[in-house]
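This report describes a single protein chain for a reader who has not seen it before. Please look over the sequence and the model first.

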Amino acid sequence: MTIHFGQGIVGLVAETQATINIPDAYEDPRFNSAWDKKTHYRTKSMLTVPIISNITMNPKSRTEQASEEPSNDQTLLGVVQVINKSGGAPFRVKDEFLLQTISKLIALAIENSQLFQRNQELCWNVGKLIADGDIVEAIVSLGTAAEQIIGVEGAAVYVVDPDTNELVTFHHKRRHRITFSRSTYAGSLMEEAVRSQQLTIVNDMTKAGSFNAFVDSLNGVSARNVLFAPLMVEEVEGIIPGMNRLVENADSGESVSVDSGQKMVGLLQLVNTTRRKTHFDEHDLFLSIVQSQSCSVLAAILEKQRMLRQKEQIALLLDASMSFFKEMSVVGVINAVYNACVSIFDGDTTAHLFVWEEGGTIPVDKLHERHMWSSKIAPQAAAALAPHNSTTNIHHQGSSMSFIPSVGAQSRKLSVVTDQTLRAPTTE
């Protein structure tokens, strides 16, 4: 049976989200007697209560409920109706209170069922997110799931960039990259969570001394309460290098990296609880589930990307090694070493292969000391290298954290061949 909003007593309660208590249905013009005629039943007293997802802590009277507009933050889950009280008497105020209490329990059961289904969907999607290896889609999907499962106005999942230690997330709709460097979130609750690597909860923003609205809030929403949950994984030798625990140096005041047995792969941020929740709870079961699943997904994707980068680097090293053997002169080998180093590392790297000066004997004094030499970098080679950076950061079109291009395409473009040489005494 389908009942439209505004149709009969049930439809009216669904539309207004207000309790309706009718002593005699046939004396109320809003009553639709079609169902009585069809079933040959006689409806007399009737009590109908809405089932909503976030009932306020202070129950409202019938007059208040009937006079006010439905709250925009309330979600209608259903309607519960009881008919014909035993003994023929009408339903009283205590009956209303009892049925409203029952409706709250029904709402809780429905919500828990829906949350369980969403959690199941998240668990099912974890495998797909890991298999796809798309860091952008993973971050957006995990953030959306956190909003729905935990029940918050805003949620964001950040991943720690292994190369820069910056916190990186992506816009849920436009998918553009959002980066927070250490200086950006300095003096904020986010910094406190990253530094301590402990769950950070503030349920009263008036007591948050280090609150920074730019990074501690989301989507321009005025924060009532916030939560930061570091996403930690057990440290395994070789996994996700460069992301050791950050602690503050007592002398310099700067954050330094130390080994702690665990590594932070990301950060979960939640802003403003919804539904019936008035504050964040560190023992929230759904928070634990989302935090655990997010850790698993990010750690697996980052490790997958690390292995891919390692594979590319091995191929690059093999390519560079082969280029060494192809050279027929000392200057050619110097050129190959230079090109291999700037390709494997980055555009700011300079490399020289120094070789012994030919001829001569072991010097007897410093004035006649034997030297090593290397070719100088040609100006055009330095200019060609200036805009180049071998490491490319995350782009929204792809899922890799970074990649290193092959040296083959540029191995002969850059040259260190000049008629000038760099000479260095062996003592230096």
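## Basis and overview

This is a predicted model, in which local features need pLDDT of at least 70 and side-chain atom pairs count only at pLDDT 80 or more, while totals for chains, interfaces and linings use all residues. Residues are numbered from 1 along each chain as its sequence is written, and side-chain values use heavy atoms, with hydrogens and water left out.

The chain has 10 helices and 14 strands, taken as DSSP runs numbered from the N terminus (helices: H or I, at least four residues; strands: E, at least two). Of its 428 residues, 40% count as buried, meaning under 20% relative accessible area with a 1.4 Å probe, protein chains only. Among contacts (heavy atoms within 4.5 Å) between residues at least 6 apart in sequence, 70% join residues at least 24 apart.

Two packed helices are described by the angle between their axes and the distance between the axes. Here axes are lines fitted to C-alpha atoms over the stretch in contact, and angles run from 0 to 180 degrees between N-to-C directions.

Helix H5 (residues 135-151) packs against H8 at about 175 degrees, with the axes 10 Å apart. H5 is therefore roughly antiparallel to H8, a term for angles over 145 degrees. Residues of H5 including Leu-142 and Ile-149 meet residues of H8, among them Val-290 and Ile-301. This contact has 13 nonpolar, 2 polar and no charged residues. Nonpolar covers Ala, Val, Leu, Ile, Met, Phe, Trp, Tyr, Cys and Pro; charged covers Asp, Glu, Lys and Arg; the others, Gly among them, are polar.

The axes of H8 (residues 285-326) and H9 (residues 330-344) come within 9 Å and cross at roughly 170 degrees. That makes H8 roughly antiparallel to H9. The H8 side of the contact includes Leu-316 and Phe-324, and the H9 side includes Val-333 and Ile-344. Its residues divide into 9 nonpolar, 2 polar and no charged.

## Helix H6

In helix H6 (residues 189-196), the buried residues are Leu-189, Met-190, Ala-193 and Val-194. They line one face of the helix, because they fall within an arc of 140 degrees seen down the axis of H6; the arc is that of the directions from the helix axis to the C-beta atoms.

## Two residues with positive phi

Most residues other than glycine have a negative phi. Gln-197, which follows H6, has a positive phi near 55 degrees. Gln-197 lies in the loop between H6 and strand S7 (200-202) and counts as buried at 10% relative accessibility.

Gln-17 also has a positive phi, near 55 degrees. The loop between helix H1 (8-16) and strand S1 (20-22) holds Gln-17, which is buried at 17% relative accessibility.

Definitions and conventions:
Buried < 20%, exposed > 50% of the residue type's maximum accessible area, 1.4 Å probe, protein only. Parallel < 35°, antiparallel > 145°, perpendicular 65-115°, else oblique.
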